[in-house]
Amino acid sequence: PNCAMAGTLVPFELVERVLSFVDDNPSRWRASAVCRCWREAGRGGVAAVGSKLLLAPLGAGVAELSGLLRAREATGLELLGLTRSMPGPWLRSLLLGPLRPPLLSSLWLAQASGLNDEGFAPPGADLEDAEAEARETGGLPAAGDEDDDEPCQRPFFKKRSPLEIVDASFTSLGDGCVRALLCPSGSSLRVLRLAHCVELSEHALGALANACCALEILELRFCRGLSACVHLAPLLDCNAKTLQALDLSGLPVTDTHVDALCNCKSLTELALFGCTGFGVSVASGLLTLPKLTKLDLGNCAQLAAPVGSKGATAVTMAAERATVFLARVARAKPSTAGGSRVAGEGDCSVQGEGTAVDASVGAASLRSLGLFRVASDALISKLAQSHLGSSLEELDLRGCAKLSAGACLSALGQLKALRTLELQASSLAGQDELAKLAATLPGCDLRASRARQPNK
């Protein structure tokens with residue numbers, strides 16, 4: 001009854017995950033007779049569809065798959081292997097029509113080729129079409145054959161659980177799929193991953209902005225169809241209180257969008273890799289988010305010196321941008337005798353002799369920062385001197401080929417909490433630099449090549 005194996009307690013989630021790969025009902029029934037824990041684990045969880053035992057039912061039709069999901073009271077569906085090529089009409093019958101299992105609330109449809117407007121949500125498709133397909137495949141009794149004592153599947157369809165988790169990354173999900181699959185469950189959606197959905201358009205983003213109001217995780221990275229992100233700011237405003245993780249890498253993020261991000265006080269992870277449409281002064285506001293622990297600003301060219309600048313000009317401009325970016329989290333300078341000093345931006349104000357008020361109260365306690373190809377000597381130096389330097393555990397400096405060993409090694413040595421340092425293709429990946437870093441940062445995992453180089 002307690003899932004003990006060789007004296008070790010097996011977590012319930014692990015038992016539930018293992019049993020999700022058992023596809024034939026007799027085996028599941030025998031497993032449910034082992035103990036109470038196995039019986040409870042076999043009743044729900046995510047059904048990982050794609051093993052060889054389920055390919056035969058899929059060849060006959062989608063009705064058998066729906067019956068299997070209902071029999072095990074599955075709460076989630078994950079497509080694996082060949083099942084990712086399931087035709088769009090089958091997916092529509094399973095997810096939108098009366099064949100949909102009542103407890104289904106989580107979908108992992110990554111790389112599903114049938115998830116497109118042409119097959120999954122063609123113009124004019126509705127529930128009647130899905131029901132007709134279900135009757136043809138044997139999933140529902142023919143019209144007029146329903147037993148009066150047994151309720152038809154349509155009331156069952158009306159009482160189905162709304163979707164809470166949807167992963168449709170690397171699919172051709174378009175406007176029709178968003179309106180048919182996501183918008184009806186908009187108020188219940190908590191996790192939405194749509195990475196690399198090239199067919200996702202501004203109209204679909206607007207539909208999500210009108211429907212979703214409780215998102216906790218949102219992933220829209222490299223959705224090339226979002227050419228202006230007109231409806232991104234309203235979407236962020238509607239989910240400002242609940243949003244915790246956000247990935248907008250590769251999108252045309254502007255100052256307006258960053259201002260909306262600064263209002264998401266519950267945000268803990270933010271990725272803006274390759275976003276070059278916002279200014280440095282606006283980006284500094286992200287460092288004041290109180291719960292932010294992970295920030296990726298890699299390939300954001302506005303943090304580095306302008307392209308084409310050389311020599312002293314490049315160094316000066318990089319230092320100016322670093323100062324502006326870290327102004328709000330700069331450490332307080334010691335007060336002068338007498339206690340009367342004018343506080344500048346990001347500095348501290350002085351109250352009385354020798355008493356300083358920290359200007360970075362409420363600033364983020366970053367643990368991970370990505371600066372792929374944009375870090376400069378000035379930025380690393382000011383980062384080490386700021387309040388972020390005391391909490392930073394992971395730092396990404398890959399591709400930063402213009403860093404000078406002397407200044408950077410001294411600054412990195414001040415990051416005593418650092419546990420992982422990415423240095424691939426950077427000017428600090430040489431043997432001499434790595435040896436000095438190993439002596440300065442004992443216990444830090446220095447990664448200078450594809451193979452990890454742990455420092456013990």
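Reader: Why is His196 called partly exposed?

Author: In this predicted model, His196 has a relative accessibility of 28%. Buried would require a value under 20% and exposed one over 50%, so His196 counts as partly exposed. His196 lies in the loop between strand 7 (191–193) and helix 10 (202–211), and its phi is near 60°, a positive value in a residue other than glycine.

Reader: What makes Phe170 partly exposed?

Author: The relative accessibility of Phe170 is 44%. Exposed means over 50% and buried under 20%; Phe170 therefore counts as partly exposed. The loop between strand 6 (165–167) and helix 9 (175–182) holds Phe170, whose phi is positive, near 60°, in a residue other than glycine.

Reader: How many aromatic pairs are counted, and why is the pair of Phe273 and Phe372 called tilted?

Author: The count comes to one aromatic pair. The ring centres of Phe273 and Phe372 are 5.7 Å apart and their planes stand at 35°. Centres within 6.5 Å make a pair, while planes under 30 degrees apart would be stacked and those over 60 edge-to-face; the pair is therefore tilted.

Reader: How do you know that this pair links distant parts of the chain?

Author: Phe273 and Phe372 are 99 residues apart. Phe273 lies in the loop between strand 10 (269–271) and helix 13 (280–283), and Phe372 in the loop between strand 14 (368–370) and helix 15 (377–385).

Reader: Why does Phe273 count as partly exposed rather than buried?

Author: Its relative accessibility is 22%, whereas buried means under 20%; Phe273 therefore counts as partly exposed.

Conventions: Residues numbered from 1 in each chain as written. Predicted model: local features only at pLDDT ≥ 70, side-chain atom pairs only at ≥ 80, totals over all residues. Heavy atoms only, no water. Phe/Tyr/Trp six-rings, centres within 6.5 Å; stacked < 30°, edge-to-face > 60°. Helix = DSSP H or I, 4+ residues; strand = E, 2+ residues; numbered from the N terminus. Buried < 20%, exposed > 50% of the residue type's maximum accessible area, 1.4 Å probe, protein only.
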